[in-house]
Amino acid sequence: MSQAPERYRSANQARRHFLGIAAATSARAAAIGTLAMTALSSSAHAAQRSGDQGDQNDQGDQGGGRPHCYLRGTAILTPTGEVRIEDLRIGDLVETVRGEAMPIKWIGRHVFRKSGSSWSKSVMPIRVSRHALDARTPQADLYLSPEHALFIDGVLMPVRELVNGISIVPALPEGTEVIEYFQILLDSHEVILAEGAPTETYLLRGRDYESFTNFIEYERLYGHEPRPALTPFAPLVSYNGGRAHLKALLLLGISPFVQVRDPVGSAYERLATRAEELVS
């Protein structure tokens, strides 16, 4: 696996930075109880399935359901430095924000080719520009599928919720003609560092791995094993059901003495303000 010393030092700084964030936000994340987490997860996935039914025929894209992945070329932090996701293999270790390196169980792959004049909105990546999240993060432009979640303020939120038209926008690297996504499955749902930014690994649920192009590989390796749904690393929040619905779900699991907050809206406003400052 190739290494880049300068980026490795930068990656170590990012890792320490986000280990601190993970520790500092764990108590806040715990305030949103199990019931709220379950409701939010169910709501998000139900809305996602509904969206898939409309999007699959949007542009005739091949490859099945909506991806939750990293674009080819994304640098993932490992114990030996950053490695492009397409160069990782089953068994390789990746760093997690828990401070523990974990082996890769499987790498799912999606390949999409444009069949019309434009890409489907469910396939077009979202670009999180360099330093869009803070002064150090991400270290380089980060391309994620729209539903892929970032770990911000103690919760997981789809990157599509943070699109601001400036620093976070639907975009492709110049010259891209085929969209190729990769996703990392660990033994548990975790947060890893992609281009230095805290992002989720694959949240396996039942047989949803069948949407990947290489699902036969998973069947060959693990088809004989039970497939229990993984527990989310942190609460999954989005506006799939609208802002009022999100707040109602949060109320299910929060003490009446804890102020209900809108984590998605707060993050969006903060990052949009930062984007305006960066271009001013």
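Is Arg270 buried, partly exposed or exposed, and what is its relative accessible area? Arg270 is partly exposed, with a value of 41%, where buried denotes under 20% relative accessible area, exposed over 50% and partly exposed the range in between (1.4 Å probe, protein chains only). The structure is a predicted model, in which local features need pLDDT of at least 70 and side-chain atom pairs count only at pLDDT 80 or more, whereas totals for chains, interfaces and linings use all residues. Residues are numbered from 1 along each chain as its sequence is written, and side-chain values use heavy atoms, with hydrogens and water left out.

Salt bridges were assigned where a side-chain nitrogen of Lys or Arg lies within 4 Å of a carboxyl oxygen of Asp or Glu. Under this criterion the count is eight. Arg270 takes part in one of them, with Asp153 as its partner and an N to O distance of 3.2 Å. The two residues belong to distant parts of the chain, 117 residues apart: Arg270 is in helix 5 (residues 263–279), and Asp153 is in the loop between strand 9 (149–152) and strand 10 (155–158). Helices (H or I, at least four residues) and strands (E, at least two) are DSSP runs numbered from the N terminus. In contrast to the partly exposed Arg270, Asp153 is buried at 19% relative accessibility.

A further salt bridge joins Glu190 to Arg98, with the closest N and O atoms 2.5 Å apart. This pair likewise links distant parts of the chain, 92 residues apart, since Glu190 is located in the loop between strand 12 (178–185) and strand 13 (191–194) and Arg98 in the loop between strand 4 (93–95) and strand 5 (101–103). Glu190 is buried, at 2% relative accessibility.

Between Arg109 and Glu180, the closest N and O atoms of the salt bridge are 2.4 Å apart. Because Arg109 lies in strand 6 (residues 106–113) and Glu180 in strand 12, this pair ties together parts that are 71 residues apart in sequence. Arg109 is partly exposed, with a relative accessible area of 32%, whereas Glu180 is buried at 11%. Both residues belong to a network of salt bridges that also includes Arg72 and Glu86.

Strand 2 (residues 75–78) and strand 3 (residues 81–84) form a hairpin with two residues between them. Their pairing, which requires that DSSP finds at least two bridges between two strands, is antiparallel and extends over four bridges. Within this arrangement, Leu77 has Glu82 of strand 3 as its bridge partner. Ala75 and Leu77 point one way from strand 2, Ile76 and Thr78 point the other way, and all are buried.

Val94, in strand 4, is buried at 0% relative accessibility. Apart from neighbours within four places in sequence, the residues in contact with Val94 include Ile76, Leu77, Thr78, Met102 and Ile192, contact being defined by heavy atoms within 4.5 Å. The C-alpha atoms of Val94 and Glu82 are 9.2 Å apart, with a sequence separation of twelve residues.

Ile166 is placed in the loop between strand 10 and strand 11 (168–170) and is partly exposed at 36% relative accessibility.
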